[in-house]
Amino acid sequence: MKFLRELFQKNFSTLLSMLLLVAVPLVGSSSLTFILYQNQQFLENLTTGQSLLYFVLVGVAMAFSLVNTTAVVLVTGFYLGWSGFPGMVVAYALAALTGYQIATLLDHGKMLGFLSHFPKVDAVMKELKTDSWQLIFLTRVSPVTPFALMTFVLAIMRVRRGPFLLASIAGMLPRSVFFYWLGTKAQDVFTLLKDPDTGTTGKLLLIGLVAASFFGLYYLFNKALKRALSKGAANAADHA
């Protein structure tokens with residue numbers, strides 16, 4: 001109980017932000033569907049300037065978890081086709097960098113400072129940072145991990161910005177390409193958002209991505225734990 005009380009007292013703003021990043025996309029995606037229903041011509045025949053503004057807006061919205069990333073990919077694929085895919089990648093990069101910066105400003109290193117009171121946890125976290133590229137990639141590749149929440153978690157772990165951005169984009173690409181393709185093939189955007197019919201091949205792909213993420217993360221955590229315990233034992237032996 002003391003651990004939980006101290007955790008909430010010292011990291012309330014960080015934990016509240018993480019909770020909101022999970023809950024808000026549900027409201028945001030419903031709002032997106034309603035707006036599109038009321039303005040069905042909104043994204044048709046956009047000019048270059050309007051397209052740029054659209055990608056900036058959805059990038060910021062994804063960063064603050066105002067919309068679900070999958071819904072944005074489906075809608076963009078439906079309205080803009082493959083010519084809009086590079087813009088979608090840029091929007092992802094903008095969302096990742098914005099979320100990273102916001103999380104860093106909100107947390108101020110408080111969570112890592114708190115975890116430093118627990119040597120074993122702190123040691124594992126430090127070991128995980130040595131595999132940060134793989135860690136980031138595996139958290140991004142799964143279609144069930146919330147984009148904004150994982151951005152927040154990775155930012156407060158203090159992973160370096162460059163690898164964070166590159167691994168985030170690389171990890172998001174497999175599922176993004178699939179859902180974007182699904183959007184380009186759809187006949188009705190509202191039916192698509194309500195029930196994206198991925199088909200058997202799509203379901204197998206998504207299951208494969210979830211499995212790869214889960215087992216990959218398990219392997220990384222297990223390896224980090226073993227390294228931390230090994231170093232801890234070596235340090236204890238040196239001081240004996």
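Select helices α8 and α9, whose crossing is right-handed, meaning that the near helix is turned clockwise from the far one by less than a right angle. Helix α8 covers residues 132-141 and helix α9 covers residues 147-156. Helices here are DSSP runs of H or I with at least four residues, strands are runs of E with at least two, and both are numbered from the N terminus. The two helices pack at an angle of about 165 degrees, and their axes are 10 Å apart. Axes are lines fitted to C-alpha atoms, for helices over the stretch in contact, and angles between N-to-C directions run from 0 to 180 degrees. That angle makes α8 roughly antiparallel to α9, a label for angles over 145 degrees.

Now show the side chains where they meet: L135, I136, T139 and R140 on α8, with F147, M150, T151 and L154 on α9. Contact means heavy atoms within 4.5 Å. Which kinds of residue make up the contact of α8 with α9? Five are nonpolar, two polar and one charged. Ala, Val, Leu, Ile, Met, Phe, Trp, Tyr, Cys and Pro count as nonpolar, Asp, Glu, Lys and Arg as charged, and the others, Gly among them, as polar.

**A word about the model**

This is a predicted model, in which local features need pLDDT of at least 70 and side-chain atom pairs count only at pLDDT 80 or more, while totals for chains, interfaces and linings use all residues. Residues are numbered from 1 along each chain as its sequence is written, and side-chain values use heavy atoms, leaving out hydrogens and water.

**Second stop: the loop**

Next, click on S142, in the loop between α8 and α9. Is S142 buried or exposed? With a relative accessible area of 2%, S142 is buried; the cut-off is under 20%, using a 1.4 Å probe and protein chains only. Not counting residues up to four places away in sequence, S142 touches R175, L209, V210 and S213.

Move to helix α7 (residues 119-130) and pick L128. L128 counts as buried because its relative accessibility is 2%. Leaving aside neighbours within four places in sequence, L128 is in contact with L135, M157, L220, F221 and A224. Then select R227: its C-alpha atom is 9.7 Å from that of L128, although the two are 99 residues apart along the chain.

**Last stop: the whole chain**

Zoom out to see 12 helices and zero strands. Of the 240 residues in the protein chain, 44% are buried.

Notes. Buried < 20%, exposed > 50% of the residue type's maximum accessible area, 1.4 Å probe, protein only. Parallel < 35°, antiparallel > 145°, perpendicular 65-115°, else oblique.
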